[in-house]
Number of protein chains: 2
Amino acid sequence: MTKGTLLFAQSGGPTAVFNSSAAGVIEEAQKQTAIERVLAARFGMDGILAENFFDATEMTPSQIETLARTPASAFGSCRFKLPACEKDESLYVKLKDIFTRHGVEIFIYNGGNDSMDTCRKIADYFAETDFPCRVVGVPKTVDNDLAETDHCPGYGSAAKYIATTIKEISLDTAVYSKGRITVCEIMGRDAGWLTAASSLSVPGAADSPDLIYIPELPFDKEKFFDDAISVYNKKKRCLVAVSEGIRDNKGRYVGAPSGSKDSFNHIQLGGVAAYLADVITTKFGIKTRAVELSLAQRAAGHLVSATDAAEARLAGRHAVRLAVQGETGKMVNYIRMSDNPYTIEMSSVDLKKVANVVRNFPLSYVNEDGTHIKSSFTDYLLPLIKGEANLPYENGLPSYFKLND
Amino acid sequence: MTKGTLLFAQSGGPTAVFNSSAAGVIEEAQKQTAIERVLAARFGMDGILAENFFDATEMTPSQIETLARTPASAFGSCRFKLPACEKDESLYVKLKDIFTRHGVEIFIYNGGNDSMDTCRKIADYFAETDFPCRVVGVPKTVDNDLAETDHCPGYGSAAKYIATTIKEISLDTAVYSKGRITVCEIMGRDAGWLTAASSLSVPGAADSPDLIYIPELPFDKEKFFDDAISVYNKKKRCLVAVSEGIRDNKGRYVGAPSGSKDSFNHIQLGGVAAYLADVITTKFGIKTRAVELSLAQRAAGHLVSATDAAEARLAGRHAVRLAVQGETGKMVNYIRMSDNPYTIEMSSVDLKKVANVVRNFPLSYVNEDGTHIKSSFTDYLLPLIKGEANLPYENGLPSYFKLND
């Protein structure tokens with residue numbers, strides 16, 4: 001039986017710096033003498049239960065470097081809902097069996113809200129049953145909605161992509177003397193952090209979006225039509241940023257087409273921009289365009305924030321150090337020490353405080369009318385999107401890591 | 001009355017290097033002693049007729065540099081359909097009047113297919129009526145469908161953006177052990193050049209799109225469903241790239257929602273991916289996602305091809321030199337001298353040969369099945385997407401030019 005194994009897994013939707021944290025975990029684990037073997041699960045918890053592992057113990061520094069700059073999830077991710085152990089203990093018992101067989105003494109789980117809940121359940125069960133494996137979570141979400149951390153790895157890069165793309169779309173939509181109402185749909189089921197980032201596209205200038213709507217405030221369709229048409233009549237164009245998760249005052253998603261639900265019982269979103277644009281054209285006869293930033297906003301490795309990438313990597317390293325020091329049931333978090341100069345400290349927080357809590361976008365950053373973001377948000381966001389990755393390109397395209405399988 | 005004025009205008013949809021050509025025109029015009037004044041029309045032909053000009057005579061080298069790296073159309077563009085002078089001569093007479101009043105001796109028009117038609121009509125009319133103004137066109141289109149040139153300024157950058165983004169989306173869609181059928185919609189009303197660029201995302205590798213469809217071949221929906229589902233059953237995911245302009249064997253656009261037409265009587269497209277994804281989910285119960293690359297593919301200044309940007313700028317300069325040498329009724333074109341090492345020569349061609357001709361994607365580059373692009377296309381495309389712009393960033397975002405108005 002092998003001892004001293006660190007097992008690492010990725011979980012939930014991808015981000016542009018998910019693999020930066022993976023690189024941090026692997027390089028730190030390789031350095032720690034207490035750790036003899038580094039396994040990465042293929043496809044997260046699914047891979048753990050299937051004992052489908054990639055042995056990263058001998059990954060070279062050059063491979064780790066390439067991994068670090070590759071977007072999405074190099075080892076594969078999952079959407080896995082772990083039942084409470086009071087309801088069904090069998091998976092927990094199976095995990096202990098697998099961990100024992102592979103000598104797993106440290107388990108690092110990298111993911112968002114749902115994953116931190118899984119992480120907490122496993123940590124609690126291991127502690128309660130005196131199973132000698134430490135469990136540490138590494139946060140990850142473009143949505144920036146995890147509690148107890150200044151921000152989440154993945155958010156800065158998505159925000160940088162969104163602000164840049166909205167800036168470029170703003171230039172594109174301004175080329176004709178008479179334009180359209182352009183509605184851009186941005187990710188964010190419950191939290192407006194990503195949509196708010198569009199406000200930064202041209203800090204303080206007139207051609208950031210004219211109107212911005214986040215899910216934290218009820219969306220009044222009639223008022224929206226009035227506001228958009230009023231801007232359009234004045235400027236002959238109007239640029240709108242809406243979160244995919246906007247809801248009316250009864251909590252119903254705006255323009256949700258089918259109401260189908262994903263494996264976490266979340267309603268599948270999308271199509272809000274298309275819906276609003278369609279209504280404006282049909283009802284008011286104004287030319288519109290719907291733009292969904294879609295997958296690129298979380299997958300754009302070519303436009304990561306260097307700050308975000310570096311922090312995500314450090315978060316991975318910090319998780320390993322915490323576990324080696326004997327910590328368990330914790331999530332790595334960022335504590336901001338100052339805005340200017342921007343400095344953060346890596347710390348840790350009880351997973352209990354994080355699991356199943358959504359950190360909403362603070363309404364203090366929203367204007368009185370609920371239609372735009374105040375410039376005070378810039379102080380928070382600007383440091384997070386700073387720095388360019390300067391990727392190596394091969395034949396005109398970014399060069400990324402790929403498992404040979 | 002001023003003499004020696006060069007008038008420049010941008011026309012048609014924006015590209016990421018439209019303004020590179022503008023920079024080339026302005027810097028070359030400033031150098032030519034025969035040219036005393038450089039005017040840029042605001043909003044293309046609309047601005048000319050309204051005598052709405054920006055005086056670029058004194059633009060500084062630093063302003064021109066910023067202009068060159070800014071996507072979209074800094075001076076504004078138009079969608080202007082010039083009637084044949086046999087039908088209505090009034091606009092032609094008005095143009096001569098305006099040109100005379102402003103001393104315009106050189107007119108440079110930068111645009112795509114429809115704009116080169118306008119350019120030709122004006123050049124012909126001026127020649128027939130012995131009006132002493134030379135007219136030279138500069139090509140511009142992300143679609144790459146202008147005749148008589150190896151490729152068009154704007155195409156290489158859009159192709160680089162598309163290949164990069166499809167590569168990143170491909171990574172994103174591969175993160176779960178069981179994925180979806182993802183349908184990506186790419187610009188291209190009549191020509192498949194842009195959609196074909198998606199094939200380059202991972203040259204020769206398995207994770208470029210599984211299926212690629214261009215408008216030059218009739219689209220057989222039933223065969224598509226069979227092919228996509230067959231890939232899905234094998235790989236548990238399938239990535240499809242479709243051109244917005246795909247049509248069935250009767251020439252009807254696939255999934256065209258409303259059939260509304262633009263000012264050139266072109267049917268407004270969009271929604272093909274959403275339509276195909278929806279049918280697959282409804283009819284076959286397979287999870288899908290529709291992704292429309294939308295405006296970002298032509299506006300992404302942060303990801304231009306350095307080759308494309310440099311050539312677009314030279315094209316602008318070449319147009320001015322041709323006009324100064326007395327040429328008129330011409331369009332600047334690129335002649336490829338060799339693939340490896342890649343070299344082109346700037347030359348010129350009669351506008352008559354260009355106007356209203358669509359250069360289709362060569363079917364010799366398409367596989368027998370009509371579902372993918374052959375690797376031989378790489379030799380053509382690779383040089384066009386090479387080189388990165390290395391933009392200056394300010395506060396984490398690209399820094400672009402903006403007229404103060």
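## Stop 1: the cis prolines

Start with A:P341, which sits in the chain A loop between β10 (330-339) and β11 (342-350); helices (H or I, at least four residues) and strands (E, at least two) are DSSP runs, numbered from the N terminus. Show A:N340 too: a cis peptide bond joins A:N340 and A:P341, with omega at about 0°. Now hop to chain B, where B:P341 lies in the loop between β10 (330-339) and β11 (342-350). There, B:N340 and B:P341 are joined by a cis peptide bond with omega of about 5°.

Some housekeeping before moving on: residues count from 1 along each chain as its sequence is written, and chains are lettered from A and ligands numbered from 1 in the order in which they are written. This is a predicted model, where local features need pLDDT of at least 70, side-chain atom pairs count only at pLDDT 80 or more, and totals for chains, interfaces and linings use all residues, while side-chain values use heavy atoms, with hydrogens and water left out.

## Stop 2: the two chains together

Zoom out and show both chains. A rotation of 180° with 0.0 Å of shift along its axis puts chain A onto chain B, RMSD 0.0 Å (least-squares superposition on C-alpha atoms of residues with pLDDT of at least 70 in both copies). The two copies are thus related as by a two-fold rotation axis. To find that axis from chain A, select A:E292: its C-alpha, at 3.6 Å, comes closest of the residues of chain A. The copies meet through the same surface, since 98% of the interface residues of chain A are also interface residues in chain B.

## Stop 3: A:N110

Next, pick A:N110 in strand β4 (residues 104-111) of chain A. Is A:N110 buried or exposed? A:N110 is buried, at 0% relative accessibility (buried is under 20% relative accessible area, exposed over 50%, partly exposed in between, with a 1.4 Å probe and protein chains only). Its side chain reaches the backbone oxygen of A:V138 at 2.8 Å and that of A:P139 at 3.4 Å. Leaving aside neighbours within four places in sequence, the contacts of A:N110 include A:F8, A:F18 and A:M116 (contact means heavy atoms within 4.5 Å).

## Stop 4: two crossing helices

Stay in chain A and colour α4 (residues 90-101) and α5 (residues 113-128), which pack at about 75° with axes 11 Å apart. The axes are lines fitted to C-alpha atoms over the stretch in contact, with angles from 0 to 180 degrees between N-to-C directions. The pair is therefore roughly perpendicular, the word for 65 to 115 degrees (under 35 is roughly parallel, over 145 roughly antiparallel, the rest oblique). Show side chains: A:Y92, A:V93, A:L95, A:K96 and A:F99 of α4 meet A:K121, A:I122, A:Y125 and A:F126 of α5.

From there, go to A:D130 in the loop between α5 and β5 (134-139). A:D130 is not a glycine, yet has a positive phi of about 50°, and is exposed at 67% relative accessibility.

How values were computed: Polar contact = N/O pair within 3.5 Å; in protein donor to acceptor, adjacent residues only side chain to side chain.
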